[in-house]
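Dear colleague,

I am passing a structure on to you below, together with an account of what was found in it. Please have it open while you read the notes that follow.

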There are 2 protein chains.
Amino acid sequence: MASIKPSVPKGTRDFSPAEMAKRNFIFDTIKGVFRKYGYQQIETPSMENLSTLTGKYGDEGDKLIFKILNSGDFLAKADEQAIANKNSNQAISSISEKALRYDLTVPFARYVVQHQNDITFPFKRFQVQPVWRADRPQKGRYREFYQCDADVVGSASLLNEAEFIMIYDEALSLLGLKNFTIKINNRKILSGIAEVIDKPDNIIDLTVAIDKIDKIGLHGVIKELTEKGFTDADITKLKPVILLEGNNEEKLEKLRQALQSSAIGLQGCDEIEIVFNYIKHTPLKKATLELDITLARGLNYYTGAIFEVKTNEVAMGSIGGGGRYDDLTGMFSLKGLTGAGISFGADRIYDVLEELNLFPAAAEQGTTVLICCFDAAGETYALPLLQQLRDNNISAELYPAGTKIKKQMDYANNKHIPYTILIGSDEMQSGSLSFKNMESGEQESLSANQIVAKLSGKTGQRK
Amino acid sequence: MASIKPSVPKGTRDFSPAEMAKRNFIFDTIKGVFRKYGYQQIETPSMENLSTLTGKYGDEGDKLIFKILNSGDFLAKADEQAIANKNSNQAISSISEKALRYDLTVPFARYVVQHQNDITFPFKRFQVQPVWRADRPQKGRYREFYQCDADVVGSASLLNEAEFIMIYDEALSLLGLKNFTIKINNRKILSGIAEVIDKPDNIIDLTVAIDKIDKIGLHGVIKELTEKGFTDADITKLKPVILLEGNNEEKLEKLRQALQSSAIGLQGCDEIEIVFNYIKHTPLKKATLELDITLARGLNYYTGAIFEVKTNEVAMGSIGGGGRYDDLTGMFSLKGLTGAGISFGADRIYDVLEELNLFPAAAEQGTTVLICCFDAAGETYALPLLQQLRDNNISAELYPAGTKIKKQMDYANNKHIPYTILIGSDEMQSGSLSFKNMESGEQESLSANQIVAKLSGKTGQRK
């Protein structure tokens, strides 16, 4: 036995068969919904040219990009001065030309620009691939994790926003969630609020304060806003916004009142209303749709709708988010292409389903039946049955002969195999095989054909 | 428009929706067969500790491993002397702790050792993930490509070898191949041959020469062997091996004759025979199984069976290979765990299916029906139908209103969508919608329910 066990780099994970079955359940469900809505899968390389990624995520982001050391004699072309000065940052580009993708959005923008002549717009694509970030690892934050994105580019229609809501609703309902909220806001409403009080740079201060109203009350919110430099006049104007209550229609109506002097603010209200109208014609399955003006994610790139999804069944950060951006491909000099997109937080969804015990018996992932035998004669007898089972699409294994039956049964139990077939000399003589339900312990004598008939269509697995 | 288009690093690729559909067909088929045979999926991180990978692939391999530059101020801990001497090789470990996996086998060995206490042996795992190699890119050779492996560890039974043959047979048959050969050899036979002529280091010279017999004849082979240092006595002993002909049984019989003085050689013959006997009880679907003693891949790690798969329908290198290794986990100090495994060459299989036009209409991957309308009223009318279609598991899209019908039809054609529904004012009034088969051009007037009934269960796509 090994004295020092090998390990994986910190922030990375192995996925065992049981974990893979659960992850596949999540990804397959989401992919299936993306496809049903006309989204098509693409994949991009794990590595991009470093120049494609640099400068897209801010200075902090640049530091978190994993760079790949140039192959071969990388020191031959290294920046000697930077190295002599121990200036790591300056040295990087001389010894690294490639890097691991940091998200799926920048590679997607690069893809659209690179293949623009082959793409039919509106281009609805989805992408499920790992990304890498040199973040400090902590609970729930990994250095390698999957992103699960759907984006449409080349269509300004708000139907796309409505469809994203339907996609969240359908996918999360299929995953078994029963109570979750899709929050929607619009960047233009936030811009409108800023315009009304002439404070374009304090939007975040405002939304952070308003978000606390349930905890600290109107008085507390006003106190916080005053500390942040909002005047009494500002606060008077903002009161209807701070106190925004009621259903979505009522909120919209009050917002229109408060934003009547802002063209962009009213446009934001119009856009939200159009999305709501689409949804009226396509009732949601399990989701609650909620206008939430404190939703202020991605303000430096979202230009229209902003989405965030939260489960109401367990305490957990957002399990999805997205929005509209008017200039995705501008970073690669292709201007004027509007887009919108959403993302599912697969790792958090995994934790939610685990906590709520929502993973189904891992359908079609495991072995349905294990054939056990005592010796080579049993093996030989079993082989045609094994093939017959598999030809009927029943996942089946034959335990190699020469191992005690007890150990074979342990194998079935450890792998959660729901049925076993025992082949001894009596069984071979009579053709009547001992068929056992490993869950109930029930045992019966059946012919090969009877067993195949019984198991046909059964793909479930014990939990 | 961009003047300089962005690109991907050399040796890497984007996969378009059409390519993804085809790749998914290949991977889903192979994964389905792996599962049916009781193999379970795992995934390991893209990055491993550099020390986990170094020294496992030979000096040449070590150079081809992509190293990841340490994050942050990597120069602070850099080996100053190595850098001053411009000794790139020596500097690496001081500025890089992690690397991208080079294959799936070493990470699997690391996984088995790390998780040995949680694993039920025999452990049958499959893994389909990308690997990275800093090879010089060329036609058909990429720096990022998927490997598709199944391995079993902890079972010495030759039933596993037989099952690998069945897996190749079933998976490649399902992919549409009609004529392919699974070649099998056994390392022990090669060792036996070396033993008989007492030339353990010249096995490759021998197999390379024998492999040419169809081209250069016995005379040519003998000439080549003589040049490589084989004596007349050697060649006399080897003649039955060089001239090995007939069916598998006849070849085995002749080999036994030639190897009668070598215990290990005879053991190799026995092993091959046992595998053949298993296969006799489970007829192959499309594959031809062929004993080929010139098969000499992976001699530095395979210890028993050696496999290679070739299609006979187009000229192409091997599309699969594998074998038995007696000491997979020894590199991580866990001794005595025998294993065997196979791999599918997905990129080559892709090229074969493309050349033979074997990709099916990309089932379940594309949109089945596009709803087209003229204006917002049409959109509103269409939404319940859109939802009804999707609720019946029919992949459907609604083209956002405000675009000419011609352009909407182009969209359907470019996306190979087989059906369209047109909703104009007449249609809205009568409830009788214009339903068009885009392939045949046939058009009919149908109610929403009739359309849903007609499309239910249709997931195919135009090619």
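This is a predicted model: local features need pLDDT of at least 70, side-chain atom pairs count only at pLDDT 80 or more; totals for chains, interfaces and linings use all residues.

A residue counts as buried when its relative accessible area is under 20%, as exposed when that value is over 50%, and as partly exposed in between.

To begin with chain A as a whole, its secondary structure consists of 18 helices and 16 strands. The radius of gyration of chain A is 29 Å, whereas the globule rule gives 23 Å for 463 residues, and because the value is well over that figure, the chain is more spread out than a compact globule. Along the principal axes, the C-alpha atoms of chain A fill a box of roughly 95 × 65 × 50 Å. If one takes the contacts in chain A between residues at least 6 apart in sequence, 69% of them join residues at least 24 apart.

Chain A has an accessible surface of about 19100 Å², and carbon and sulfur atoms account for 47% of it. Its side chains include 55 positive and 60 negative ones, and the centres of these two sets lie 3 Å apart.

Next comes the interface between the chains. How many residues of chain B are in contact with chain A? There are 103 of them, and they touch 103 residues of chain A. The area buried between the two chains is about 9300 Å², with 56% of it coming from carbon and sulfur atoms. On the chain B side, B:Pro6, B:Lys36 and B:Arg390 lose the most area to chain A, and together they make up 7% of what that side buries.

Some individual places also deserve a look, and two of them are in chain A. A:Asp351 sits in helix α14, which covers residues 346-355, and its relative accessibility of 36% makes it partly exposed. Although A:Asp351 and A:Met316 are 35 residues apart along the chain, their C-alpha atoms are separated by 8.8 Å. A:His416, in turn, belongs to the loop between α16 (405-414) and β14 (419-423) of chain A, and with a relative accessible area of 36% it is partly exposed. From A:His416 to A:Met438 the sequence separation is 22 residues, while the C-alpha to C-alpha distance is 8.7 Å.

As for the backbone, a cis peptide bond links A:Phe121 to A:Pro122, with omega at about -5°, and A:Pro122 is found in the loop between α6 (105-114) and β5 (123-132) of chain A. In chain B, the peptide bond from B:Phe121 to B:Pro122 is cis, with omega near -5°, and B:Pro122 is placed in the loop between α6 (105-114) and β5 (123-132) of that chain.

Which kind of phi does B:Asn357 have, positive or negative? Its phi is positive, at about 55°, although the residue is not a glycine. B:Asn357 lies in the loop between α14 (346-355) and β12 (369-373) of chain B, and it counts as exposed because its relative accessibility is 58%. B:Asn393, which is not a glycine either, has a positive phi of about 65°; this residue is in the loop between α15 (376-391) and β13 (396-398) of chain B, and its relative accessible area of 57% makes it exposed.

With best regards

Conventions
Residues are numbered from 1 along each chain as its sequence is written. Chains are lettered from A and ligands numbered from 1 in the order in which they are written. Side-chain values use heavy atoms; hydrogens and water are left out. Helices (H or I, at least four residues) and strands (E, at least two) are DSSP runs, numbered from the N terminus. The radius of gyration is taken over C-alpha atoms; the globule rule is 2.2 Å times the number of residues to the power 0.38. Contact means heavy atoms within 4.5 Å. Accessible areas come from the Shrake-Rupley method with a 1.4 Å probe; for residues, only the protein chains shown count as cover. Lys and Arg count as positive and Asp and Glu as negative; His and the chain ends are not counted. The place of a charge is taken as NZ of Lys, CZ of Arg, CG of Asp or CD of Glu. Buried area is the accessible area (1.4 Å probe) that two parts lose on being put together, summed over both. Buried means under 20% relative accessible area, exposed over 50%, partly exposed in between (1.4 Å probe, protein chains only).
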